[in-house]
Amino acid sequence: MTRQQRTIEREFSIEGLGLHTGEHVALTLKPAPVNSGIRFVHERDGKRVEIPAVITSVALDKLTPRNTTIRNGDAAIYTVEHLLAACYGLHVDNLLIEISANEPPVPKSGSYESYVQAFKRAGFVSQDAPVNLFEVDHLITHQEDGIEIYATPSDTFRVSFTIQFQNKFIGTQYASFEVTPEVFEKEISPARTFVLGKDIEELRQAGLIKGGSLDNAIVFNDEGMVNEQPLRFPDECVRHKVLDLIGDLSLLGASIRGHIHAVKSGHSSNLRFVKKLWDLKEERRRWLPALDGGQWDTNLIREIIPHRYPFLLVDRIIEVEANKRIVGIKNVTINEPFFAGHFPGHPIMPAVLILESMAQVGGLLVLNTVDNPKNYLVYFTGLDKARFRKPVLPGDQLRLEIELVAIRMRVCKMRGKAYVGDELVAEAEMLANIVPR
C-alpha cells in the first residue's frame with residue numbers, strides 16, 4: 001500500500017556551524033501543507049527567497065563532488081543532502097525550513113541521529129493525501145568514468161552501495177539496506193562523514209571544511225584513523241555514502257519504490273542520475289494531455305482507452321491531478337442501448353454499468369503511471385465496499401470522481417464515487433492490473 005504524506009506536528013529549531021562555510025546557522029523547521037514538498041526559505045537582501053528541494057533547483061553545470069547545493073537565482077543553500085536524508089529516511093514529505101545562513105549545521109558529534117531525535121521529539125502528522133510515488137518498473141542506468149549507479153524494480157525502497165579506496169583502512173566496503181524510518185535511525189544516521197588526511201589542505205585552500213573537526217568527521221591517513229573515538233560501525237564510511245545518496249535521491253520529490261545500486265558514486269553522479277529519474281517522472285506525468293478548454297472530449301478519450309460504442313461510458317474528463325485524482329462525466333440519455341431491456345417502461349441504468357463508468361475514468365488515470373501507456377490495458381480484478389444509493393435515470397448526468405489510493409508493481413487500488421448533482425448515487429473500491437496489450 002502507498003503510505004500517506006507526512007509533516008511534523010510542531011516546529012523546532014537546530015543551531016550549529018556549517019560543515020564547509022563554518023558559519024553559525026539557525027534552522028527553524030515548520031509543518032507544511034500537503035503536496036508542498038520540502039522548501040528552504042532564506043532571507044537575502046531583505047527579501048525572503050524560497051528554494052524548493054528538488055532537482056530542478058540544482059545547477060547541473062555547477063556540481064561539486066563534496067556536497068549538494070540548491071539554488072534560486074543568486075541565492076544558494078549548500079550541503080543540503082544530510083538534512084534531506086533525515087527527512088526522506090523518516091518519511092517527512094512536507095516541511096518549511098527557515099535558514100539563517102547558507103548551509104545547514106553539522107551536528108557536533110557528526111551523527112545525524114541528532115536530527116532524527118529532534119524530528120521524533122517534534123512528532124509526525126499523517127496528511128490527507130497519498131505520497132507521490134515513483135515506481136521503478138525497468139532497469140535505469142547511469143555510468144561515467146568508472147562510476148555506476150542504476151535502479152531495478154523492488155517492492156520496497158532499498159539502497160546498496162559499494163566504495164573502493166586505495167587507503168587500506170577504508171578499502172572496499174559494501175552495504176545494503178531496505179530503508180525504513182527505523183533502519184535509517186539505527187543503521188544509517190549515526191554514520192559520520194569522512195575525509196583522507198592528504199586531501200585536507202586542498203579542501204581548506206578551496207574554502208571548504210571550515211566547520212569540520214575530529215568531533216564531527218572521520219580522518220584517515222596512511223597510518224590509520226586519526227580520531228581517538230572508534231568507528232561506530234566497521235563499515236561506517238560506506239554507510240555515510242548511503243546517507244548522502246538518500247539525501248540526493250530525495251530531490252526527485254517522490255517516494256521511490258525500487259532498488260538503487262551505486263558503485264563508487266558521489267554527489268555529481270548521484271545528481272545526474274536523479275535528473276534522469278526526474279525526466280522519466282515528468283514524461284509519465286506529461287502523457288496526460290492538458291485540459292484543453294477545461295476538458296477532454298470523447299475524441300481524446302478514444303485515443304487513450306480502447307473502449308468503443310456501445311461500451312464507451314465516459315463522455316468528458318473535467319479534472320485531472322496526475323497520479324492522484326480524476327473527474328469524468330457520463331451523460332445518461334434515453335437512447336442508451338441498455339434501457340431497451342433494463343427495464344421496459346421503467347428505465348434504470350444498471351448498477352454494473354455505473355461501476356464500469358467509474359472503472360473507465362479510473363483507467364485513464366492509472367495508465368499514466370507507466371511508460372508508453374498506449375501499449376497497456378487496465379484489467380479490473382476486484383471490487384469492494386460497493387454501494388448503490390439511488391437509481392440513475394435517463395436525463396441524469398453522472399459525475400465520476402476517482403482517487404488513486406495505492407499502486408504497486410502495476411497493481412492499483414482506487415476509490416470511486418458517482419454523483420448526480422450533489423447527491424452520491426454509488427461508490428466502490430476497485431482493484432486493477434496494468435497489463436501489456
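**View 1. Lys-390 and Glu-423 form a salt bridge in this predicted model.** Lys-390 counts as partly exposed, at 37% relative accessibility. Its partner is Glu-423, with the closest N and O atoms 3.2 Å apart. Lys-390 sits in the loop between strand E22 (376-388) and strand E23 (397-408), and Glu-423 in strand E25 (residues 423-436), so the pair ties together parts that are 33 residues apart in sequence. Glu-423 is also partly exposed, with a relative accessible area of 40%.

**View 2. Glu-185 and Lys-120 form a salt bridge.** The closest N and O atoms are 3.1 Å apart. Glu-185 belongs to helix H3 (residues 181-188) and Lys-120 to helix H2 (residues 113-122), so the contact ties together parts that are 65 residues apart in sequence. Glu-185 is buried, with a relative accessible area of 14%. Lys-120 counts as partly exposed at 40% relative accessibility.

**View 3. Lys-30 forms a salt bridge with Glu-98.** Here the closest N and O atoms are 3.1 Å apart. Lys-30 lies in strand E3 (residues 24-31) and Glu-98 in strand E8 (residues 95-99), so the pair ties together parts 68 residues apart in sequence. Lys-30 is partly exposed, at 23% relative accessibility.

**View 4. Salt bridges link Lys-385, Glu-403, Lys-413, Arg-415 and Glu-429 in a network.** The count for the model comes to 25 salt bridges.

**View 5. Three strands make an open sheet in the order E16-E17-E18.** The pairing is mixed. Strands E16 (193-196) and E18 (224-225) stand at the edges, each with a single partner strand, so one side of each has no neighbour in the sheet. E16 pairs with E17 (residues 217-221) in the parallel sense, over 4 bridges. Thr-193 has Ala-217 in E17 as its bridge partner.

Definitions and conventions:
Residues are numbered from 1 along each chain as its sequence is written. This is a predicted model: local features need pLDDT of at least 70, side-chain atom pairs count only at pLDDT 80 or more; totals for chains, interfaces and linings use all residues. Side-chain values use heavy atoms; hydrogens and water are left out. Two strands pair if DSSP finds at least two bridges between them. Helices (H or I, at least four residues) and strands (E, at least two) are DSSP runs, numbered from the N terminus. A salt bridge is a side-chain nitrogen of Lys or Arg within 4 Å of a carboxyl oxygen of Asp or Glu. Buried means under 20% relative accessible area, exposed over 50%, partly exposed in between (1.4 Å probe, protein chains only).
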